[in-house]
Amino acid sequence: MLNNHSLYGNYRQVKFTDVWGDADTFLSDYSSNGIKTTISQESAKTLYYLLYSRFGNSVVASSDTNRFKYDVWATIFSYGPTWEKRLEIQEKLRDLTDDDLFTGATQIYNHAYNPGTAPSTNTLDELTAINEQNTNKHKKAKMDGYAMLMSLLETDVTEAFLDKFKKLFLKVVQPELPLWYATETIDDNIIGDGQGWM
């Protein structure tokens with residue numbers, strides 16, 4: 001049954017868009033919530049629109065709106081930096097040229113007959129002077145270069161991050177019934193026969 005002429009019925013909690021109606025409000029809250037910001041303002045703005053797209057009309061699962069906000073900030077603190085770095089790496093991978101893809105590793109071998117300083121027998125440091133150097137440069141075949149790129153590219157790195165926010169919203173999409181509170185004025189007969197409760 002629809003209440004108050006609402007197409008979706010009534011809920012006891014607010015929706016995501018009731019908490020943050022625009023990106024500026026979201027960014028302002030994110031910057032001043034007390035939890036260390038772990039992603040850039042640009043990434044936070046992108047995240048707002050992604051959350052708006054996914055959860056804009058979703059009803060918050062908590063009756064405490066302030067706690068809901070801190071759940072969002074805590075989720076960003078925990079998972080946001082990795083999401084942001086993955087986005088950055090994926091962009092770099094997509095921008096690789098063919099020269100980048102086909103260039104293989106370079107191996108350099110040095111030999112020092114007269115090092116500038118006498119090395120210790122257990123040192124891990126490189127010698128400061130060399131007499132000979134051999135270099136091996138490798139080149140990948142086109143198929144190997146493209147195959148490696150295809151194995152590293154991901155269709156989407158955002159889905160798993162957005163899934164972390166699912167638990168903050170109601171999962172059952174149906175209007176909630178109003179809460180009933182018993183008071184001293186309720187007739188004992190009504191309570192006894194179960195009549196009158198609707």
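**Notebook: salt bridges, core and ring pairs**

I began with Lys166, which is partly exposed because its relative accessible area is 42%; I take buried as under 20%, exposed as over 50% and partly exposed as in between, with a 1.4 Å probe and protein chains only. The model is predicted, so I note that local features need pLDDT of at least 70 and side-chain atom pairs pLDDT 80 or more, while totals for chains, interfaces and linings use all residues. Residues are numbered from 1 along each chain as its sequence is written, and side-chain values use heavy atoms, without hydrogens and water.

**Entry 1. Salt bridges**

I defined a salt bridge as a side-chain nitrogen of Lys or Arg within 4 Å of a carboxyl oxygen of Asp or Glu. The count by this rule is 6. Lys166 pairs in this way with Asp163, with 3.6 Å between the closest N and O atoms. Salt bridges with shared partners join Arg54, Glu159, Asp163 and Lys166 into one network. Asp163 is partly exposed, at 32% relative accessibility.

I then looked up Glu88, which forms a salt bridge with Lys85 at 3.3 Å between the closest N and O atoms. Helices here are DSSP runs (H or I, at least four residues), numbered from the N terminus. Glu88 and Lys85 are 3 residues apart in helix H4, and therefore separated by about one helical turn. Lys92 also forms a salt bridge with Glu88, at 3.2 Å between the closest N and O atoms. Lys92 counts as exposed at 53% relative accessibility, whereas Glu88 is partly exposed at 33%.

**Entry 2. Nonpolar core**

I treated a nonpolar core as a set of buried Ala, Val, Leu, Ile, Met, Phe, Trp, Tyr and Cys residues joined through side-chain atoms within 4.5 Å. The largest such core has 24 residues, and those with the most contacts inside it include Trp20, Phe26, Phe68 and Phe165. At least two residues of this core come from each of H1 (16-19), H2 (23-31), H3 (41-55), H4 (65-94) and H7 (159-163).

Contact means heavy atoms within 4.5 Å. Setting aside residues up to four places away in sequence, Phe68 touches Phe16, Val19, Trp20, Val60, Leu168 and Phe169.

**Entry 3. Helix H2**

Ala23, Phe26, Leu27, Asp29 and Tyr30 are buried in H2. They lie on the same side of H2 because they cover an arc of only 165° around the axis, taken from the directions from the helix axis to the C-beta atoms. The buried residues of H2 pack against H3 and H4. Ser28, also in H2, is partly exposed at 43% relative accessibility.

**Entry 4. Aromatic pairs**

I paired rings of Phe, Tyr and Trp (its six-membered ring) with centres within 6.5 Å, planes under 30 degrees apart being stacked, over 60 edge-to-face and the rest tilted. This rule gives 16 aromatic pairs. Trp20 and Phe26 are edge-to-face, at 5.1 Å centre to centre and 85° between the planes. Trp20 and Trp73 form a tilted pair, at 5.2 Å centre to centre and 50° between the planes. This pair links distant parts of the chain, with Trp20 in the loop between H1 and H2 and Trp73 in H4, 53 residues apart. Trp20 is buried at 0% relative accessible area, and Trp73 is buried at 2%.
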